[in-house]
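Take a look at the structure first, and then we will go through it together.

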Amino acid sequence: MNPLFAPGLLAGKTAFLTGGSSGICLGIAQAFAHHGARVAILGRSQEKLDAATALIQSEGGQAAGYAADVRDYPALEAAFQKAAETFAAPIDILVCGAAGNFPAPINGMSPNGFKAVIDIDLLGTYHTCRAAYPHLRKPGASVISISANHAHQPYGMQAHVCAAKAGVDLLTRTIALEWAAEGIRANLITPGPIDDTEGMRRLAPTPEMRAAAVASVPLGRMGTKQDIANAALFLSSDAASFITGSEIVCDGGQRMTGTRIFAFPTGSPK
Ligand code: NAP
Ligand code: COA
């Protein structure tokens with residue numbers, strides 16, 4: 001539990017997180033549960049979901065897992081319906097965090113490789129928000145999309161992710177605009193390089209690349225999952241009730257240092 005936030009900050013609230021079975025979004029789910037929310041997490045692997053829900057429950061939280069691919073709209077609709085039956089409450093906090101990434105140059109990925117990431121990140125975020133909409137608390141729900149600095153500047157070997165996250169950014173702001181009349185807020189959290197995550201294992205697999213990632217951060221360190229969870233706690237709390245269509249850039253200042261090319265000397269490590 002983060003002592004900077006009240007223990008019961010999210011008491012009585014229900015959260016639904018895609019990508020909540022590992023990494024950054026599992027960290028957010030743990031933090032939400034610590035602060036009193038019931039959490040539903042969604043990913044493809046039942047095994048990962050079982051491990052994540054067991055972890056949250058072992059920490060005293062309430063959690064349920066739903067297996068679905070965010071590219072499969074009917075499966076998502078079914079997951080939201082099942083969660084609604086389990087929790088018997090509208091969703092107060094929706095986190096769109098499921099994503100895919102691999103480093104590859106434009107000419108080193110197939111059209112299907114590019115499409116896979118667009119489909120998971122961008123289409124998946126649209127599917128998630130669209131399927132969640134009937135279940136969101138109105139007024140009061142908070143939608144959070146997990147973006148990346150890729151949405152704002154080109155990164156070599158990341159064309160698919162840049163295109164996808166730029167779409168996620170404007171999709172989320174458009175949701176903020178359209179759904180504001182119903183009292184739903186929608187915002188973005190943009191993590192910088194976050195330690196001990198699949199994303200960084202893929203983008204910085206060697207000690208040299210890890211050092212380069214740290215060197216790109218003015219604050220001189222990678223972020224932690226707790227750093228991102230803190231931003232999510234704030235955005236989902238009443239303290240952020242007048243914030244919508246906005247972005248928390250939680251990156252130690254990395255965006256200010258500009259664009260980069262991930263230098264895989266032998267091309268993409270497939
Ligand atoms: P991660 O541990 O690999 O988490 C990805 C999550 O999404 C897992 O729960 C995964 O579960 C789920 N997922 C992937 N594809 C899916 C699909 N098609 N349908 C449903 N669920 C799917 O990744 P992470 O590094 O923590 O990244 C989490 C988020 O932060 C992503 O949005 C990423 O773009 C963003 N981000 C990360 C960093 C970083 O430094 N790591 C930096 C900037 C932004 P299954 O595999 O079981 O499906
Ligand atoms: N370089 C180039 N192309 C790659 C690649 C790589 N490293 N990894 C996958 N691809 C291509 C595949 O070859 C395939 O294209 P093809 O059909 O033309 O051969 C396409 O991407 C889809 O791959 P597949 O493995 O069938 O997709 P999937 O839907 O099962 O998985 C991924 C999606 C590729 C994004 C997979 O890495 C994934 O599931 N990632 C989730 C975890 C993650 O990325 N976490 C970090 C988040 S920041």
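## Before we start

Helices here are DSSP runs of H or I with at least four residues, numbered from the N terminus. A residue is near a molecule if one of its heavy atoms lies within 4 Å of it. Please keep in mind that this is a predicted model.

## The surroundings of ligand 1

Let us begin with the shell. Ligand 1 is surrounded by 29 residues, and the closest are Ser-21, Ser-22, Ile-24, Arg-44 and Thr-197. By residue type, this shell splits into 12 nonpolar, 11 polar and 6 charged. Helix 6 makes the biggest contribution to the shell around ligand 1, with 3 residues.

Oxygen atoms of ligand 1 take part in several polar contacts. A polar side-chain atom of Ser-22 is 2.8 Å from one such oxygen atom. The backbone also takes part: an N or O atom of Gly-97 lies 2.9 Å from an oxygen atom of the ligand, and a backbone N or O atom of Gly-19 lies 3.1 Å from an oxygen atom of ligand 1. On its own, ligand 1 exposes 890 Å², of which the protein buries 90%. As for its location, ligand 1 sits in the largest pocket. Two elements each give two or more residues to its shell, helix 1 (23-34) and helix 6 (198-203).

Which residues come nearest to ligand 2? Of the 18 around it, they are Arg-44, Arg-71, Asn-101, Ser-110 and Arg-202. This shell divides into 5 nonpolar, 8 polar and 5 charged residues. Helix 4 supplies the largest share, 4 residues.

Side chains provide polar contacts here. A polar atom in the side chain of Ser-110 lies 2.5 Å from an oxygen atom of ligand 2. For Arg-202, a side-chain N or O atom is 2.7 Å from an oxygen atom of the ligand, and for Arg-44 a polar side-chain atom is 2.9 Å from an oxygen atom of ligand 2. Taken alone, ligand 2 exposes 940 Å², and the protein buries 65% of that. The elements giving two or more residues to the shell around ligand 2 are helix 4 (111-132) and helix 6.

## An aromatic pair

Searching the whole structure turns up 3 aromatic pairs. Why is the pair of Phe-16 and Tyr-66 stacked? Their ring centres are 6.3 Å apart and their planes stand at 15°, and planes under 30 degrees apart count as stacked.

Definitions and conventions: Residues are numbered from 1 along each chain as its sequence is written. Chains are lettered from A and ligands numbered from 1 in the order in which they are written. This is a predicted model: local features need pLDDT of at least 70, side-chain atom pairs count only at pLDDT 80 or more; totals for chains, interfaces and linings use all residues. Side-chain values use heavy atoms; hydrogens and water are left out. A polar contact is a pair of N or O atoms within 3.5 Å; within protein, one must be able to donate a hydrogen and the other to accept it, and residues adjacent in sequence count only if both atoms are side-chain atoms. Accessible areas come from the Shrake-Rupley method with a 1.4 Å probe; for residues, only the protein chains shown count as cover. On a 1 Å grid over the protein atoms alone, a cavity is a set of points where a 1.4 Å probe fits but cannot get out, and a pocket is an open set with protein on both sides within 12 Å along at least five of seven lines; lining residues have an atom within 4 Å of a point. A molecule sits in a cavity or pocket if more than half of its atoms lie within 2 Å of its grid points. Ala, Val, Leu, Ile, Met, Phe, Trp, Tyr, Cys and Pro count as nonpolar, Asp, Glu, Lys and Arg as charged, and the others, Gly among them, as polar. Rings of Phe, Tyr and Trp (its six-membered ring) pair if their centres lie within 6.5 Å; planes under 30 degrees apart count as stacked, over 60 as edge-to-face and the rest as tilted.
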